[in-house]
Amino acid sequence: MEAFFRTHSYLVEHTNAPVRRVLMDEINWNDRLIGIKGTRGVGKTTFLLQYAKEKFGINDRQCLYINMNNFYFQEKGIADFAGDFASKGGKVLLIDQVFKQPNWSMELRRCYDNYPELKIVFTGSSVMRLKEENPELNNIVKSYNLRGFSFREFLNLMTGNHFKPYTLEEILQDHEHIIKQILPYASPQKYFMDYVHHGFYPFFLEHRNFAENLLKTMNMTTEVDILLIKQIELKYLSKIKKLLYLLAVDGSKSPNISTLADEIQTSRATVMNYIKYLADARLINIIYPLGQEFPKKPSKIMMHNSNLMYAIYPSKTDKQDLMETVFVNSMWKDHHVSQASQEHYFVIDGTKKFKICDAQATTKSRNNPDIIYARYNTEVGKNNQIPLWLLGFLY
C-alpha cells in the first residue's frame, strides 16, 4: 500500500492540467460509483489526478490513484484492495483503465455493496457499454464522457484567455453579441486551422511528433480497446484496421457495405458490427438519415475528428470534408446529428437545419431563412449565418 501512496503523491504533485475541463463541474462528485469514459489520448488519467489535486492535495491519504496496468492486480482484485484501503481510512479510490482487471464490473459491485463509505471513480474506454453489458452496475454507476479539447479550450490554452462555453440556443440567438465579447481578446481564425490539424488531443503539447503519437494511439485503440473489450480474436485485427483505412480514404459519404465486405473479405453483417465498434471507439462518426439509426445503413460515415483525417491520409484532406467533420464533432457531445435529404445538410436534434459552407466562396444561391449557415473562413456572422469556429464553444 505504501508504494501506491508514493506513486500517487508523485503523480499528483507533477500533474499540471493545461486546461480545466468543463466535465470537472458537470460531475456530481457525491455519487459513490462514477465512470469516466473516453477515447485514448483525451486526458482521462490527467483528469483523475487533477481531481485528486483539487479536492485533496498531494499527501492526503483519504484519496488514492491506482492503475490497473500494475502487475500487482494480476493477483489481487479491486475489491480486496479497496477493502484494505478503506480499513486505513481511505475515502476515494481512483481507478485508471478499470477494464484491464478481469471481472472488473463484479469487483466494482462488491466494492459498492461491502464498503458504503468508499467512493470509487474509474476510467474506461469509450468502447465500454457500462450499463448495457454490465447489468450488475445498473442503477448504481453514473457514467460520463470525457472528450478531446473543444476549440474553445484550445483557444484559451493558446491565448491565455478564459472564454466560457455557450449552449447552442445561446449561440443561435445571440452569436453577434457573443463574438463581440471574444474578438477584442483573440483572433479565432488565427488558431482555427491549427485546431483542425492537431488541437483535439491534449498530447499535442508533448515534445513528440504529433502524427506519430496519434497513429500510435489509434493503433492501441484498435489493438487493445476494441479487441479486448469486444473479445475479438487477434486474427481479425487486420480486417478492422483495413476497414478504418478504407472509410477514411473514401471521405465523408455513404459507405458501400457490399464493396467494403469484399475488400476485407467478410460478411456485410460483420462490416456493420465493425463500423459500430469503430464508432464506439470514437474513431469514426456514423450519421443516419433523419429518423433512422443502427443497424440501418448510414447515410454518411466521417472520421470522429479532423485530426484523425490528417493522421490517416494527409494527402487527401478535402476542405469541405474537414469543416463538416469539425461541425459534427462539435455537436456530438450534447446533440443528435442526422443527415438531411440534400447533400451537405445536417439536422440537429431533429429540427434545426445546418449547412456548412465557405464564406469566401462565390455563390448565387439565395439565403434560405429556414437554414442555419455555419461558415468557415470568416470570424463574424449575421442573422442565420454563424462562423463555424463559434460552434467550438459548445463545451
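Is Phe73 buried or exposed? I looked this up to begin my notebook, and Phe73 is buried, with a relative accessible area of 2%. For my own use I note that buried means under 20% relative accessible area, exposed over 50%, and partly exposed in between, with a 1.4 Å probe and protein chains only.

**What I am looking at**

This is a predicted model, where local features need pLDDT of at least 70 and side-chain atom pairs count only at pLDDT 80 or more, while totals for chains, interfaces and linings use all residues. Residues are numbered from 1 along each chain as its sequence is written, and side-chain values use heavy atoms, with hydrogens and water left out.

**Aromatic rings**

I looked for ring pairs next. Rings of Phe, Tyr and Trp (its six-membered ring) pair if their centres lie within 6.5 Å; planes under 30 degrees apart are stacked, over 60 edge-to-face, and the rest tilted. The count by this rule is 26 aromatic pairs. In one of them, the centres of Tyr72 and Phe73 are 5.3 Å apart and the planes stand at 90 degrees, so I call the pair edge-to-face. Tyr72 is partly exposed, at 34% relative accessibility. I also found one aromatic cluster, with Phe149, Phe151, Trp389 and Phe393 among its members.

Then I checked charges over rings, which need NZ of Lys or CZ of Arg within 6 Å of the ring centre and within 35 degrees of the ring normal. Arg32 has its charged end over the ring of Tyr112, 3.8 Å from the centre. Lys276 lies over the face of Phe294, 5.8 Å from the ring centre.

**Helix α10**

Helices (H or I, at least four residues) and strands (E, at least two) are DSSP runs, numbered from the N terminus. I followed α10, residues 237-250: its 14 residues reach 20 Å from first C-alpha to last, close to the expected 20 Å. That expected span is 1.5 Å times one less than the number of residues. Its buried residues include Leu237, Lys239, Ile240 and Val249. Among the elements that cover them are α9 (210-229), α12 (268-280) and β6 (284-289), where contact means heavy atoms within 4.5 Å. After α10 comes Gly251, with a positive phi near 80 degrees.

**The sheet**

Which order do the strands of the open sheet take? I read seven strands as β7-β6-β8-β9-β10-β11-β12, with mixed pairing. The edges are β7 and β12 (385-387), each with a single partner strand, so one side of each has no neighbour in the sheet. Two strands pair if DSSP finds at least two bridges between them. I see β6 joined to β7 by four bridges, antiparallel, with Asn285 opposite Met302 in β7. On the parallel side of my list, β6 and β8 pair over two bridges, and Pro289 stands opposite Gln339 in β8. Five of the six residues of β6 are buried, so the strand is largely enclosed by the rest of the structure. Strands β8 (337-339) and β9 (345-348) run antiparallel, joined by three bridges.

**Two positive phi values**

Gln231 has phi near 55 degrees, sits in the loop between α9 and α10 and is exposed at 70% relative accessibility. Asn383 also has phi near 55 degrees; this residue lies in the loop between β11 and β12 and is exposed at 54%.
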